[in-house]
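Open the model in your viewer and keep the sequence panel beside it. The stops below say what to select next and what is there.

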Amino acid sequence: MSVASLFGLSAPADVKIQLDDAEQRRTFDIAINRSQPRERLPLYFDREPVRGKVLVRVGHGKRLEHNGIRVECVGAIVVLNDSSQSKEFQCLSQELAAPGEIRQNTTMDFEFRNVEKQYECYYGINVQLRYFIRVIVARRMGNMIRESDLLVRSYHEPKDDPHSIKMEVGIEDCLHIEFEYNKSTYHLKDVIVGKIFFLLVRIKIKHMELCIVRRETTGFAPNTYNESETVSKFEIMDGAPVRGEIIPIRLFLGGYDLTPTFRDINKRFSVRYYLNLVLYDEENRRYYKQQEITLYRRREDDGLPPDANTSTEED
């Protein structure tokens with residue numbers, strides 16, 4: 001028996017949220033908290049209604065006294081390393097019950113119509129963008145709060161034509177490399193195609209790899225915080241190249257846990273992706289060049305039929 005139960009402080013009822021048609025919706029396994037198992041979330045789109053039920057189950061011989069019950073549809077940016085930067089940018093509310101008491105199992109319906117969901121959900125290292133249903137049972141001894149997450153995704157193809165990337169890595173009289181990628185914008189199931197040209201090699205190169213790096217930026221200038229993680233490492237070459245050698249690159253993005261690029265979302269955070277070309281010499285010294293790329297999500301990337309009216313990003 002818990003201490004709360006011993007002193008009669010345990011909740012006299014169990015409160016759950018049940019979303020309508022959740023079983024018929026497409027769902028995805030999402031790591032909301034990286035230290036916890038993945039959760040299966042239903043997919044919602046912008047302006048879709050959110051309907052469901054609040055189930056209150058009262059224990060035998062007990063009653064739930066409350067000061068009102070309400071349900072909220074919330075959009076929030078949660079900055080995990082600095083709560084002062086967190087913000088609920090959207091909160092729709094409905095009253096489900098006036099103050100009183102509940103003596104038997106009760107079901108209360110709710111519906112939020114035409115809900116704006118302008119951002120895609122994101123669950124990162126230091127920042128999360130969440131949409132969720134929250135039920136608050138107001139009580140004198142402390143509110144009971146329950147939450148249920150929704151998954152929101154956006155399918156906006158960039159309207160700018162992707163252009164190729166050409167860059168150089170060089171150390172005077174020692175190393176001169178040119179590399180080229182076929183474009184700068186990729187969807188999440190795309191293939192990065194490129195070439196590396198060795199024009200001058202007077203350093204004993206041991207191996208070379210291409211990395212995809214995800215960088216989260218939170219906070220306001222000048223007090224911004226960056227957190228980078230390497231999403232993938234792809235070995236391009238093992239051994240010493242020679243002058244004039246050309247190394248082809250083909251990196252399939254579909255096998256990695258990627259998200260679209262986020263830029264200055266609600267002036268709270270950004271998520272950007274970079275290609276890092278890294279060379280190691282025989283003394284394990286690193287030479288690298290970094291290039292930002294833009295990622296976006298198509299409906300096909302989530303197994304949905306293509307939309308003939310897919311919108312493009314606005315300026």
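## Stop 1

Select Lys267, which counts as exposed because its relative accessibility is 59%, and exposed means over 50%. The model is a predicted one. Lys267 sits in the loop between β20 (262-265) and β21 (269-281). Look at the backbone here: Lys267 is not a glycine, yet its phi is positive, at about 60 degrees. Most residues other than glycine have a negative phi.

Now follow the chain to Asn284, in the loop between β21 and β22 (286-296). Asn284 also has a positive phi of about 60 degrees and is not a glycine.

## Stop 1

## Stop 2: a cluster of rings

Next, select Phe89, Tyr119 and Tyr131, which ring pairs link into a cluster. The structure has 8 aromatic pairs in total. Begin with Phe89 and Tyr119: this aromatic pair is edge-to-face, with 5.2 Å from centre to centre and 85 degrees between the planes. Phe89 belongs to strand β7 (residues 87-97) and Tyr119 to the loop between β9 (106-112) and β10 (122-123), so the pair ties together parts that are 30 residues apart in sequence.

Are these two residues buried or exposed? Phe89 is buried, at a relative accessible area of 18%, and Tyr119 is buried as well, at 14%.

Keep Phe89 selected and turn to Tyr131. Phe89 and Tyr131 form another edge-to-face aromatic pair, 5.8 Å centre to centre and with 85 degrees between the planes. This pair links distant parts of the chain, since Phe89 is in strand β7 and Tyr131 in strand β11 (residues 127-137), 42 residues apart. Tyr131 is buried, with a relative accessible area of 1%.

## Stop 3: Arg130

Stay in strand β11 and select Arg130. Its relative accessibility is 11%, so Arg130 counts as buried; the limit for buried is under 20%. Show the ring of Phe132: Arg130 lies over its face, at 4.0 Å from the ring centre. Then show Asp149, whose side chain is joined to that of Arg130 by a polar contact of 3.0 Å.

Which residues does Arg130 touch, not counting residues up to four places away in sequence? They are Val74, Gly75, Ala76, Val78, Tyr123, Glu147 and Asp149.

For another arginine placed over a ring, select Arg299 and Tyr155. Arg299 lies over the face of Tyr155, at 5.9 Å from the ring centre.

## Stop 4: Gln128

Go back to strand β11 and pick Gln128. Gln128 is buried, with a relative accessible area of 10%. Where does its side chain find a polar partner? A polar atom of the Gln128 side chain lies 2.6 Å from the backbone oxygen of Ile32.

Display the surroundings of Gln128, leaving aside neighbours within four places in sequence: the residues in contact are Ile32, Ala76, Ile77, Val78, Tyr122 and Tyr123. Ala76, Val78 and Tyr123 are also among the residues that Arg130 touches.

## Stop 5: the cysteines

Last, select Cys73, Cys91 and Cys121 and show their sulfur atoms. How many disulfides does the structure hold? The count is 0. A disulfide needs two cysteine sulfur atoms within 2.5 Å.

Start from Cys91. The closest cysteine sulfur to that of Cys91 is in Cys73, 8.4 Å away, which is too far for a bond. Cys91 is partly exposed, with a relative accessible area of 39%.

Then take Cys121. Its closest cysteine sulfur is also in Cys73, at 11 Å, so this distance too is too far for a bond. In contrast to the partly exposed Cys91, Cys121 counts as buried, at 7% relative accessibility.

Technical notes
Residues numbered from 1 in each chain as written. Predicted model: local features only at pLDDT ≥ 70, side-chain atom pairs only at ≥ 80, totals over all residues. Heavy atoms only, no water. Buried < 20%, exposed > 50% of the residue type's maximum accessible area, 1.4 Å probe, protein only. Phe/Tyr/Trp six-rings, centres within 6.5 Å; stacked < 30°, edge-to-face > 60°. Helix = DSSP H or I, 4+ residues; strand = E, 2+ residues; numbered from the N terminus. Lys NZ or Arg CZ within 6 Å of the ring centre and 35° of its normal. Polar contact = N/O pair within 3.5 Å; in protein donor to acceptor, adjacent residues only side chain to side chain. Contact = heavy atoms within 4.5 Å.
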